[in-house]
Amino acid sequence: MRFIKPYVLLVIAGIFLLLGYVYFSFFSERLNRCTDVVAVTPWLAPIVWEGTFDAVLIDNIYKPMNLTVATTVFAVGKYVRFLQDFLETAEKHFMVGFHVRYYVFTDRPHDVPSVNLSQGRHLSVIQVPGSNRWQEISARRMEIIQTTIERQIRGEADYIFCLDVDSKFHAHWGSESLGRLVAVIHPGYYEQTRDRFPYERRPASTAYIPMDEGDYYYGGAMIGGFVEDVYTLAKVCRTRFEEDAGNSIEAAWQEESHLNRYLLDNKPSKVLSPEYLWQDFKAKTKEVKVIRFSGVIKNYADVRPNV
Ligand SMILES: CC(=O)N[C@H]1[C@@H](OP(=O)(O)OP(=O)(O)OC[C@H]2O[C@@H](n3ccc(=O)[nH]c3=O)[C@H](O)[C@@H]2O)O[C@H](CO)[C@H](O)[C@@H]1O
Ligand SMILES: [Mn+2]
């Protein structure tokens with residue numbers, strides 16, 4: 001040992017430190033980059049994330065089918081102000097190249113903006129009553145979707161998406177989202193365990209979900225699928241909502257709670273990742289590579305009839 005000069009020992013120690021650093025930073029970077037997502041549900045339905053589909057290939061399958069996609073959107077009261085951005089961004093990103101029929105439900109038909117629609121895309125305005133309770137407006141969507149499918153949409157479209165209006169499209173939303181019954185994972189709860197989901201927890205409500213049940217917490221801002229499957233969903237949720245009202249109970253998150261109960265018993269055939277329902281106030285997380293549709297930041301006191 002006495003032949004080894006101290007500086008040699010220092011150099012050896014330095015080399016070990018350097019190797020340790022390189023090794024550690026390599027693996028910690030790999031750990032950080034590990035953003036794998038689950039792309040299938042326990043009942044084997046796909047969960048659609050960026051990287052799990054080939055947009056060109058899927059379009060090539062669906063486009064020759066000459067499909068029409070209905071899109072319902074409610075703009076009651078001051079929510080008409082969201083229509084312009086919603087429609088303009090939908091024209092850029094939503095089901096581009098497909099026949100799209102927008103159904104705009106509003107109590108202010110004269111305030112519906114005129115937006116240039118691409119070829120093969122139409123818009124109908126359907127007058128609905130206003131209300132002084134936002135909970136009622138939000139919840140009555142199920143009833144109105146049900147009756148409009150009966151009256152009109154059934155004969156005009158193959159698929160349907162029912163969307164929140166206080167939102168914008170930011171990137172491609174195409175045929176990869178089509179399926180028999182399609183729901184979206186709520187962006188606020190995809191990292192949570194189910195005991196944290198805000199399901200309706202009172203057994204007196206028909207939307208009740210016990211603590212040890214539930215698959216995902218689905219967002220009420222998007223529901224889609226075959227017109228007939230969405231029709232049944234809307235009808236069941238509406239009936240249950242009214243049954244609850246008869247017993248003087250309103251589920252925690254109105255139709256969203258009923259939707260979650262319905263989807264627990266009737267599993268969606270396709271689940272969209274939170275890329276398809278983000279919220280502008282929420283910072284992007286590493287799993288979410290693309291934000292396709294996102295709720296804008298709104299001043300609730302300013303836009304809702306009651307707070
Ligand atoms: C991200 C997400 O999943 N959002 C859900 C959530 O919050 P939100 O806070 O996003 O609800 P919201 O105020 O956007 O209401 C839902 C929708 O109802 C319509 N509307 C509402 C009020 C009004 O005065 N006029 C009007 O037209 C409009 O289309 C709006 O987008 O909770 C609601 C139920 O409580 C719905 O389930 C929403 O889909
Ligand atoms: Mn909303």
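**Helix packing and the core**

Analyst: Happy to! This is a predicted model. Let's begin with one helix pair: the crossing of α4 past α5 is left-handed.

User: Nice. What angle do α4 and α5 pack at, and how far apart are their axes?

Analyst: The angle is about 135°, and the axes of α4 and α5 are 8 Å apart. That angle makes α4 oblique to α5.

User: Which residues meet there?

Analyst: On the α4 side you have Ala-139, Met-142, Glu-143, Ile-145, Gln-146 and Ile-149. They meet Val-227, Tyr-231, Ala-234, Lys-235, Cys-237, Arg-238 and Phe-241 of α5. Sorted by class, the contact of α4 with α5 has nine nonpolar residues, three charged and one polar.

User: And what about α5 with α6, how do their axes cross?

Analyst: Helix α5 covers residues 227-246 and helix α6 covers residues 254-265; their axes come within 9 Å and cross at roughly 120°. α5 and α6 are therefore oblique to each other. Their crossing is right-handed.

User: Switching topic: how many residues are in the largest nonpolar core, and which touch the most other members?

Analyst: The largest nonpolar core has 66 residues. Those touching the most other members are Val-69, Val-73, Ala-75, Ile-160, Val-165, Val-184 and Met-222. Helix α4, residues 134-151, gives the most to this core, with six residues.

User: Let's pick Val-165. What is it in contact with, leaving aside neighbours within four places in sequence?

Analyst: With those neighbours set aside, Val-165 is in contact with Val-73, Phe-74, Ala-75, Tyr-79, Phe-82, Leu-83 and Phe-86.

User: Great. Zooming out, how many helices and strands are there?

Analyst: The protein has seven helices and 11 strands. Its C-alpha atoms fill a box of roughly 95 × 50 × 40 Å along the principal axes.

User: What share of the protein is buried?

Analyst: Buried residues are 38% of the 307 residues.

User: Last one: what part of the contacts comes from residues 24 or more positions apart?

Analyst: Counting contacts with a separation of 6 or more, residues 24 or more positions apart account for 76%.

Terms used: Residues numbered from 1 in each chain as written. Chains lettered and ligands numbered in written order. Predicted model: local features only at pLDDT ≥ 70, side-chain atom pairs only at ≥ 80, totals over all residues. Axes fitted to C-alpha atoms, helices over the stretch in contact; angles between N-to-C directions. Helix = DSSP H or I, 4+ residues; strand = E, 2+ residues; numbered from the N terminus. Parallel < 35°, antiparallel > 145°, perpendicular 65-115°, else oblique. Left-handed = near helix turned anticlockwise from the far one by under 90°. Core = buried A, V, L, I, M, F, W, Y, C linked by C-beta atoms within 7 Å. Buried ≥ 20, exposed ≤ 12 C-beta atoms within 10 Å, placed from the backbone. Contact = placed C-beta atoms within 7 Å. Nonpolar A, V, L, I, M, F, W, Y, C, P; charged D, E, K, R; others polar.
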